[in-house]
Amino acid sequence: KRKLEVVLPGDRVPHVRCGPGLSGLGEDVRATLGGEVRASPTGLAYVENFATKYIPQVGDMVIGKVTQRMGEHYKVDIRAAQPALLSQLGFNNASKRNKPNLNVGSLVYCHVTSAHKDMDVEVSCESAIANEAKKGWATKELYFGDLGGGWLLDTSLVHARTLMQEDCFVLDRIGQDKAYEISVGLNGRVWINSTSPRDTVIVANIIMNAQGRPPAQVEAMVSKLTRLFG
């Protein structure tokens, strides 16, 4: 297991598979962000810090906001330096006659398919999950796609990664008292929906205030809020 280390931009972190915050090959991998070097479940090393500016990586799941319709694409804000491009046909079984009609401001849960430094970042809402391949975008039963309704939160990249862990304490604890839906993007965006606006606000506040808190403090906070507001 790699020893945890703190790096500054330009520091060498040799012999790792590069994830966000790292760049290079072999002996010449260097940090592009300051923070702690950690390893993802897939074996990628990344630099964890409290930045909110997202650096796109192929395969990342992100939440985007449509900012413009242009030709056969949408421009989508993913909290990166430049907007990403989403094809109007980039949805399961979409065609020119049968495709989503997104408006400016629409939210989409998508994944990064291209992230070359000197080219436009591209994202897609087509599902890579085997049992979803035959389902059409209009079924609303897919992992990726249009996020209707709900509430959007912006948080730090590190908090988003914590929320995406399978054993995330705060999300499991909320689920004991509240029924809710959630999508988390590695770009630091969190979409929440529940059975009532009141519950959505409660869930959103718990998630935002849970950052950096140990389980005991999260437990106390959830218990207090559910006792006060039901």
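Predicted model: local features only at pLDDT ≥ 70, side-chain atom pairs only at ≥ 80, totals over all residues.

Colleague: What about Cys125: why does Cys125 count as buried?

Modeller: The relative accessibility of Cys125 is 1%. The cut-off is under 20%, so Cys125 counts as buried too.

Colleague: How do you know that Cys110 is too far from the closest cysteine sulfur for a bond?

Modeller: The closest cysteine sulfur to that of Cys110 belongs to Cys125, at 5.0 Å. A disulfide needs the two sulfur atoms within 2.5 Å, so this pair is too far apart for a bond. Searching the whole structure gives zero disulfides.

Colleague: Thanks, that is clear. Now, why is Leu85 called buried?

Modeller: Leu85 has 15% relative accessibility. Leu85 sits in strand E9, residues 84-91.

Colleague: What is Leu85 in contact with, beyond its neighbours within four places in sequence?

Modeller: The contacts are Met70, His73, Tyr74, Lys75, Asp120, Val121, Glu122 and Val123. Take Tyr74: eleven residues separate it from Leu85 in sequence, while the C-alpha to C-alpha distance is 5.8 Å.

Colleague: Which residues have the most contacts inside the largest nonpolar core?

Modeller: Those are Ile78 and Leu86, in a core of 25 residues. Strands E7 (61-70), E8 (73-77), E9, E10 (107-114) and E11 (122-125) each supply at least two of its residues. E10 gives the most, with five residues. As for Ile78, residues up to four places away in sequence are not counted, and what it touches includes Tyr54, Val62, Ala84, Val121 and Arg189.

Colleague: What makes E1 and E5 a pair of strands?

Modeller: Pairing takes at least two bridges. Strand E1 (residues 5-7) and strand E5 (residues 35-39) are joined by three, so they pair. They run antiparallel, and Val6 stands opposite Glu36 in E5.

Colleague: And how do you know that E5 pairs with E6?

Modeller: By the bridges again: four of them join E5 to strand E6 (residues 44-48). The requirement is at least two, so E5 and E6 pair. These strands run antiparallel, with Arg38 opposite Tyr46 in E6.

Note on methods: Residues numbered from 1 in each chain as written. Heavy atoms only, no water. Helix = DSSP H or I, 4+ residues; strand = E, 2+ residues; numbered from the N terminus. Buried < 20%, exposed > 50% of the residue type's maximum accessible area, 1.4 Å probe, protein only. Contact = heavy atoms within 4.5 Å. Core = buried A, V, L, I, M, F, W, Y, C linked by side-chain atoms within 4.5 Å.
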